[in-house]
Amino acid sequence: MIVLRAAVLVVLALAAAACTSEVGSGTGDDGAARKTVRPVYGDTLIEALLGDIQGLIPNITSDSASHTIGNLIYSGLVKRDESLRLVGDLAESWTVSRDCRNMTFQLKKNAKWHDGRPFTADDVVFTYQAMVNPKTPTAYKEDFKAVESIEAVDAHTVRVRYARPYAKALQSWSTTMLPRHLLESYVTEGRLREAPQNRESPVGTGPYRFKEWRTGEKVVLTANRDYYDTGPYLSRLVYRIIPSQATIFLELKAKGIDSSSTLTALQYKRQTDYPAFRRAYQKFRYPSSAYTYFGFNLKDPRFADKRVRQAFAYAISKQELIEGVRLGLGREATGPYKPGTWVYNPNVKRYPHDLERARQLLAEAGWREKNGDGLLVKDGKPFTFTLMTNQGNDERKKIAELIQASLRELGVGVDIRILEWASFIKEYIKKRRFEAIVLGWGIGLDPDQYEIWHSSKTGPDDLNHISYANPEVDEMLERGRSSCFEDERKKYYDRLQEILAEDQPIVFLYFPDALPVVATRVYGVVESPNGIGFNFTEWFVPRSLQRYTAG
Amino acid sequence: MFWYVLRRVLIAVPLLLGITFISFLVIHLAPGDPVDFHTGDLSPDSSAQAKQMLRKQYGLDKPLPVQYWNWLIRLARLDFGRSFAPDGRPVLQKIGERLPITLMLNVVEMAIILLFAVPIGVLSATRQYSRFDKATTVFVFMGFATPDFWFALLLILLFAVHLGWLPASGLRDINWEYLSFWKRHWDFLSHLILPIGVATFGGLAGFSRYMRQSMLEVVRQDYIQSARAKGLAERVVIGKHALRNAMLPIVTILGLSLPGLIGGSVIVESIFAIPGMGQLMVQSVFQRDYPVIMGNLVIVSTLTLVANLLADVAYGLVDPRIRLGGRRRQ
């Protein structure tokens, strides 16, 4: 992997030398004209995946490639629309009782499995049973353990009852539905992984049918003409597995692939900014659902002092960081939620770059004197610590270096240590053998972050690595996850964000932008808070622009 | 001879056991856990219990010696187990589907390398310090010193992006199924030109330098002198008398590189997106997919032991000194 990264850098250097940089206006703006074209069927879309898929039943895989494919073959009862609201997918409608404990789904009557059998309430019950079966090797059991009872009232009605109000209840039903008639025996025997549906013949209800999976080479899907919703218009999808980012970039330049979201900031901003590329591809940019942070081991008495953490927050210029590391392609994080989403609270304490304020806070915390090396000293010990991050992520390495430089100005010495991912996690993070880290969190679509911030979640396999404990935060998290009404939850999460911003248990740095490109001949691609994939079934290529006729 | 072979085979068994034991130990000592990769490391969705359950399912909760013993028992029945990856497929099947392409690439590469390296070595030996010698020396060492990934990317940039003559990566065109018979073959071949080119360029140095060295030694021998004195044409002296003797060390090296034929080059495979053994091995190491790693190791080490045995036996057959030495000891 190290070699590959080096490869990327070399290509960057080459390409940077080869083409004089041109300053352009982005993609040609014919948006209005594009909207009036009527969708037609046909053509093939070729997309690159960095890694091979792990299986064809997404309920038991956890890598993003498998989920990309799985979500096209299967569907859930609900899904997220462009503004990230939950809307019906296999469910026509649903009702929730006042106490949030009863939920009734009305299923679409025209939904069919790819083998022609109708999709019924019984399949929903089966999917629940499969998920909670102790022999099912899934990472997504928790949501379904909250269910007290489930019953199929009739062929198209499902009633679910929860033991106590559970905020993620509705979202959990976006889990892909599995067919009872094909998988029941595998589930009861605990052999779901070995089912042929996981390897060569998946049967789902989604917009695309499975055609072929050549290990390490490609996955091919074809349009499901019996799909219960609009589209899909693109007749065939080919997902090519290309493990090298550098190769994906060159394939894009050679027009060997139509779409990719693996471009680096440098490739996206500079190396694809020439007329031929702009003509061939539409570029998109929106904040991804992940943020990068500078975290502390709060068991360390130096970091347990809030003033020290706040001082660090003042010392680091987030804007500079985003410029330096992401070429500006990212957004400042003020807390653990993405700006622009319903739960985001913009009215929290902010930490503009202010070294004076930082020095003052450190002095209040007792770090006043400096030794001969210019390092702050307290009780005879200089303020130095080791900042760790994982190998294979150049951005994090650069962040560590920038933090090192910023803190040095305050008189704090930082040693950087970069470790292989698995050993970093297992030997240092899980065992809490770290002083400070640069890492990232992917955030789910539901605002519940109990697992990350709650003081009870500090065991070796738990995720509160930094050992954060704040009773008010605990309370907000508990309340937030036990209500199912957005406006009520928003109150709790607003308060949560205020406390986190004040406490700075970690310094929230930025949300990097997702940077996908899609071939210009594909119409109907729209950027939204939910990215570009939400209306994938409505993407199409006008007949005159269709490139592949086979399939 | 029979007893010699039998003894060697008997020694190979504990050797193989030792190799597997040490490998097993080392792999399990490496930090990280297959279960983490399963549940998406640090994913807030997956609970600690789910991980415990998976560990139990894979038998990872048992002490290491027990795990090794169980693995060995299964191996004795030629059961390599199932992969820990979510696809859960049999190890042999996973290796089996990747072996052909790697084997093919390596055999073709080896053939092309020999095809070029032998004449280069012979010519530069017979014309030692000539312009040809110096030029080829520079050329093969350039190949040796050029990083594979860099050269590969340059070739893609030139032949796929700028000239558009060859495909950039992969094994087959997207519409391969719909091509005519001959076009299919050409398409497949055109995908292999660049990867084979890269690997060949890098591998030329070794064989051609061995060949040159060995040839230089042979042409100084008395029997070459006498062949020349007899008035044989230089072509015959070199091509017949010298080359045959000079080839011996090359054949030995060739024999030893046989097990390497099933190991793919990770770099070339990743850049050209070829689903071969190298990628499988690296992925399994990153995912701590113990059964696949061990399966691969057993196959490679068995092949190495067999190749060594064959080489030793062949020496015994060819060289009377080794044979006689063996008899005298008895």
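Over which residues of chain A does pLDDT stay under 50? The stretch is residues 1-29. There the model has 39 contacts beyond four places in sequence, a contact being heavy atoms within 4.5 Å. pLDDT is the predictor's confidence in each residue, from 0 to 100. Where pLDDT is low, the predicted coordinates should not be read in detail.

The structure is a predicted model, in which local features need pLDDT of at least 70, side-chain atom pairs count only at pLDDT 80 or more, and totals for chains, interfaces and linings use all residues. Residues are numbered from 1 along each chain as its sequence is written, chains are lettered from A in the order in which they are written, and side-chain values use heavy atoms, without hydrogens and water. The model scores ipTM 0.80 and pTM 0.82. Chain A averages a pLDDT of 85, with 94% of its residues scoring at least 70. For chain B the average is 83, and 90% of the residues score at least 70.

At the interface, 62 residues of chain B are in contact with 67 residues of chain A. The buried area is about 5300 Å² (accessible area, 1.4 Å probe, that the two parts lose on being put together, summed over both). Carbon and sulfur atoms give 59% of this area. Four salt bridges are counted between the chains (a side-chain nitrogen of Lys or Arg within 4 Å of a carboxyl oxygen of Asp or Glu). One salt bridge joins B:E97 to A:R199, with the closest N and O atoms 4.0 Å apart.

Several helices of chain B each supply at least two residues of the side that touches chain A, among them α5 (91-126) and α7 (148-162). Helices are DSSP runs (H or I, at least four residues), numbered from the N terminus. The largest share, nine residues, comes from α3(B).

Over all chains, 42 aromatic pairs are found (ring centres of Phe, Tyr and Trp, the last by its six-membered ring, within 6.5 Å; planes under 30 degrees apart are stacked, over 60 edge-to-face, the rest tilted). B:F24 and B:W71 form a tilted pair, 6.1 Å centre to centre with 40 degrees between the planes. B:F24 lies in helix α1 (residues 2-29) and B:W71 in helix α4 (residues 64-76) of chain B, 47 residues apart.
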